[in-house]
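Colleague: I would like to go through this model with you, one feature at a time. Please give the cut-offs as the terms come up.

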Amino acid sequence: MKKLVAILLAGVLVLGCSVTAFAAGSPSATAADVSVTASATDANGTSVEIVVSQEYETTEQQEAADEMAASPTATLEALINQGLDLSDSGLTADEATELVFKAVMDVKPVGDTSLINWPVTIRFNISGVTTDSKVLVLHYINGAWVAMPVTLGDGYIDVTFDSLSPVAIFVDEETLANANSSAGVTTSDSSSSSSSSPSSSATSPETGEFPLAGTLGVVAAAAVIGMLVAQRRRYTEA
C-alpha cells in the first residue's frame, strides 16, 4: 500500500509541474481590435447599410492598411514627404505630422451599390472631438491615400465619400486627452447600422485548466485515502 501511495503522490507531483504549460497567453492589441459600428446616408438622405471591418477586398488594400496600422506616424510622414495633398483637410504638413493615429478600417456598402445615390456621408462618433479639433481622415482610393474634407462637431466627424474603401483616422493629442475613457471608434448617422467585433479576443485563463485540475484532484484524493487506509490497518494489526 505504501508503494501505491508513493506512486500516486509522484503522479501528483509530475502533473503539478506541468500546470504552467497550460497557461494562456495575453492577446496583443491591433487595429483589428477596434470595435466599430457604422451607418450612413446617401445624397437623398436615405439610409445606406454599411459594413466596417478589417476584411479588405484586395491584397493591395490589406497591405496598405497593415502598413498604416504597424507604423502610422512613419507612414503618414512618408506620404506627406511624397506630396500628399492636405488642402482639403484644412491642415498644414506640420499640423498633420503631430496628429495621433486613431484607427484604420475597411468601409463598404451592403447590397447593390447601383441603387445608392452617391455621395454617401458617414458620421464617425469619436469621444473628445470638438469643432476645434484637428482631424485627418485618409481614404485609400486607386492605390493611394487621399486626405478627405471633414466636418467636425461635438463628438463626431462627418465625411462624404464618392466611393467606399479603407479609411484611416488621425486626431490631435488634445482630442485624445478629452476622451479619457474612449476605447475605440464608433460611427453612426442613421437607423441602418452594422458592427464589427474585434478580430481577436482574450483567451480565457481557464482554457486547458479544468481537465488537468480534475485529474490532480482525483489523484491527490486517492493518495490521501490510501494513506488513511494504510494507517488504519497498521493500527488494527497492532
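Modeller: On a 1 Å grid over the protein atoms alone, a cavity is a set of points where a 1.4 Å probe fits but cannot get out, and lining residues have an atom within 4 Å of a point. Grid points are joined across faces, edges and corners, and a volume is the space filled by probe spheres set on the points. This is a predicted model, in which local features need pLDDT of at least 70 and side-chain atom pairs count only at pLDDT 80 or more, while totals for chains, interfaces and linings use all residues. Residues are numbered from 1 along each chain as its sequence is written, and side-chain values use heavy atoms, with hydrogens and water left out.

Colleague: Which residues line the second largest cavity?

Modeller: The search of the whole structure gives two cavities of 30 Å³ or more. The second largest cavity holds about 30 Å³ of space. Its lining consists of Thr73, Leu76, Glu77, Thr97, Leu99 and Phe170.

Colleague: Which helix gives the largest share of that lining?

Modeller: Helices (H or I, at least four residues) and strands (E, at least two) are DSSP runs, numbered from the N terminus. For the classes, Ala, Val, Leu, Ile, Met, Phe, Trp, Tyr, Cys and Pro count as nonpolar, Asp, Glu, Lys and Arg as charged, and the others, Gly among them, as polar. The lining of the second largest cavity has three nonpolar, two polar and one charged residues. Three residues, the largest share, come from helix H3 (residues 72-81).

Colleague: How do H2 and H3 lie relative to each other, parallel or perpendicular?

Modeller: Axes are lines fitted to C-alpha atoms, for helices over the stretch in contact, and angles run from 0 to 180 degrees between N-to-C directions. Helix H2 (residues 59-70) packs on H3 at an angle of about 115°, and the axes are 5 Å apart. Angles under 35 degrees count as roughly parallel, over 145 as roughly antiparallel, 65 to 115 as roughly perpendicular and the rest as oblique. H2 and H3 are therefore roughly perpendicular.

Colleague: Which residues of H2 and H3 make the contact?

Modeller: Contact means heavy atoms within 4.5 Å. By class, the contact of H2 with H3 has five nonpolar, one polar and one charged residues. H2 supplies Glu67, Met68, Ala69 and Ala70, and H3 supplies Pro72, Thr75 and Leu79.

Colleague: What percentage of the residues of the protein chain count as buried?

Modeller: The chain has six helices and 13 strands. Among contacts between residues at least 6 apart in sequence, 80% join residues at least 24 apart. Buried means under 20% relative accessible area, exposed over 50% and partly exposed in between (1.4 Å probe, protein chains only). Of the 238 residues, the buried share is 35%.

Colleague: Is isoleucine 116 buried or exposed?

Modeller: Isoleucine 116 sits in the loop between strand E5 (100-109) and strand E6 (120-125). Leaving aside neighbours within four places in sequence, isoleucine 116 is in contact with Asp42, Val48 and Pro109. Its relative accessibility is 12%, so isoleucine 116 counts as buried.

Colleague: Which residues does valine 120 contact, leaving aside neighbours within four places in sequence?

Modeller: Valine 120 is found in strand E6. Its relative accessible area is 0%, so valine 120 is buried. The contacts are Ala40, Thr41, Asp42, Val48, Val159, Thr160 and Phe161.

Colleague: Is asparagine 142 buried or exposed?

Modeller: Asparagine 142 is in the loop between strand E7 (135-141) and strand E8 (144-147). Although not a glycine, asparagine 142 has a positive phi of about 50°. With 79% relative accessibility, asparagine 142 counts as exposed.

Colleague: What separates the C-alpha atoms of tyrosine 156 and asparagine 125?

Modeller: Tyrosine 156 belongs to strand E10 (residues 156-161) and is partly exposed, with a relative accessible area of 22%. Not counting residues up to four places away in sequence, tyrosine 156 touches Arg123, Phe124, Asn125, Ile126, Val129 and Thr151. Tyrosine 156 and asparagine 125 are 31 residues apart along the chain, and their C-alpha atoms are separated by 4.1 Å.

Key
1 Å grid on protein atoms, 1.4 Å probe; cavity = no way out; pocket = protein on both sides within 12 Å on 5 of 7 lines; lining within 4 Å.
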